[in-house]
Every structure is written in C-alpha cells, then in structure tokens.
Amino acid sequence: MSDNMRKGLGEQAQEKLTPDSQKSTTEQGTEKLTSMGDKAAGAVQPGDSKSTTQELGDKARSGADSTQNTAGSYLNQASDKASELTNKSSGSMPSAGEAQDTGKTYLNQASDKASDLTNKASQSMPSTGQAQDTGKTYLDQASEMASNAAKTVSDTLSDVANKISESGQGSK
C-alpha cells in the first residue's frame, strides 16, 4: 500500500514495464509529472513516516537514479575520450613502420643528448664530486627524455594499432 499522495510500487512498476511506444503522449507526460512529484514527496517525507514498502521503494529508486547518473557520467567520459582519440587519429596516420622509425629517431636523439650532457658534465666541473652530481642530474634528464620518447612511441604505435583494428572492423 502506498503512503498518502504517493505512487504505489505496483503503479510505478506498471509504468516501467509498459513500453513508451504503447503509451500516448499524454500518458507519457502524466507519468513524468507524477513521477517527479512522487520523487519530490519522497525526498521531503521523513523516513519514519513512510511505510516500509514506500521507504524501500524510495531507496531502490534513489539507488537506481544514482547508478544511472554514474553510468551516464562514465559513458560521457568514454565518449569524450573516444572523440579525442578519433580527432587525434583523423589526421594523417603513420604506418607501423613509420611509427617505429620515428620512435628510433627519438631514442637516438635522447641517447645522443645524454652522451653530450655527460661529456659536458665531465669536462666543465672542477671537482669529481661536483662532476658526478651534475652528471647524475644530466643523466636523470636524459633518462626522462628517453622515457618520454619511449612513451610517445608507445602511444603512437597504440594509436596506429587501434586505427588498423577499427579499419579492419569497419570493412567486415
């Protein structure tokens, strides 16, 4: 049994089970308005004045609404990420070989830079301790550059693989 001025759980279930395609526009509008009113009434009615079934129904609807909102948020985030990746890949996509060559170039540049920095550190420092410290700093910088280059290569290869996979699925 429903509380005064509230929709019964049976009525709510019947509304959910009947497809919108089988309802008139007036019925759909009435359901939305009465559902909004029932949600508002459930929100302001203290829990201790609700029947057990009405309280359980309100909690279930609240949980379902929260889950729906969370799922919608995740869906929007996934959609945004997919759009972002699509926009990134919509330009000229390199082949896997080109991506590997680019990655090798970045790694070689990072290695050369690390070697240059190490040489500069060993030549310009007056004491061994200072040279070692500076060399470590330069080596850390070179290592970070190499890591960033490797990540760029990995990301590029991943984008290429995804693009190849998508184009393979689209042709089926």
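## The largest pocket

About 610 Å³ of space lies in the largest pocket of this predicted model. A pocket here is an open set of points on a 1 Å grid over the protein atoms alone, with protein on both sides within 12 Å along at least five of seven lines, and lining residues have an atom within 4 Å of a point. The volume is the space filled by probe spheres set on the points, which are joined across faces, edges and corners.

The lining of the largest pocket consists of 21 residues, and Glu15, Lys16, Ser35, Lys39 and Arg61 lie nearest the centre. Helix 1 (9-17), helix 2 and helix 3 (52-89) each supply at least two residues of this lining. By type, the lining residues divide into 10 charged, six polar and five nonpolar. Asp, Glu, Lys and Arg count as charged; Ala, Val, Leu, Ile, Met, Phe, Trp, Tyr, Cys and Pro count as nonpolar; the others, Gly among them, count as polar.

## Basis of the model

This is a predicted model, in which local features need pLDDT of at least 70 and side-chain atom pairs count only at pLDDT 80 or more, while totals for chains, interfaces and linings use all residues. Residues are numbered from 1 along each chain as its sequence is written, and side-chain values use heavy atoms, with hydrogens and water left out.

## Overall make-up

The protein has five helices and zero strands, and reads α-α-α-α-α along the sequence. Helices (H or I, at least four residues) and strands (E, at least two) are DSSP runs, numbered from the N terminus.

Of the 172 residues in the protein, 17% are buried. Buried means under 20% relative accessible area, exposed over 50%, and partly exposed in between, with a 1.4 Å probe and protein chains only. Among contacts (heavy atoms within 4.5 Å) between residues at least 6 apart in sequence, 72% join residues at least 24 apart.

## Helix 2

Helix 2 covers residues 25-44, and its 20 residues should span 28 Å at 1.5 Å a residue; the end C-alpha atoms are 29 Å apart, which agrees. The expected span is 1.5 Å times one less than the number of residues.

Glu31, Asp38 and Gly42 are buried in helix 2. They lie on the same side of helix 2, because they cover an arc of only 35° around the axis. The arc is that of the directions from the helix axis to the C-beta atoms. The face turned away from this buried side carries exposed residues, namely Thr25, Thr26, Lys32, Leu33, Met36, Ala43 and Val44.

Glu31 counts as buried because its relative accessibility is 18%. Leaving aside neighbours within four places in sequence, Glu31 is in contact with Lys7, Glu15 and Lys23.

Helix 4 (residues 96-124) holds Asp101, which is partly exposed with a relative accessible area of 46%. Asp101 and Val153 are 52 residues apart in sequence, and their C-alpha atoms are 9.3 Å apart in space. Thr102 also lies in helix 4 and counts as partly exposed at 37% relative accessibility.

Val160 is found in helix 5 (residues 128-170). At 4% relative accessibility, Val160 counts as buried. Val160 and Ala99 are 61 residues apart in sequence and 8.1 Å apart in space, C-alpha to C-alpha.

Definitions and conventions. 1 Å grid on protein atoms, 1.4 Å probe; cavity = no way out; pocket = protein on both sides within 12 Å on 5 of 7 lines; lining within 4 Å.
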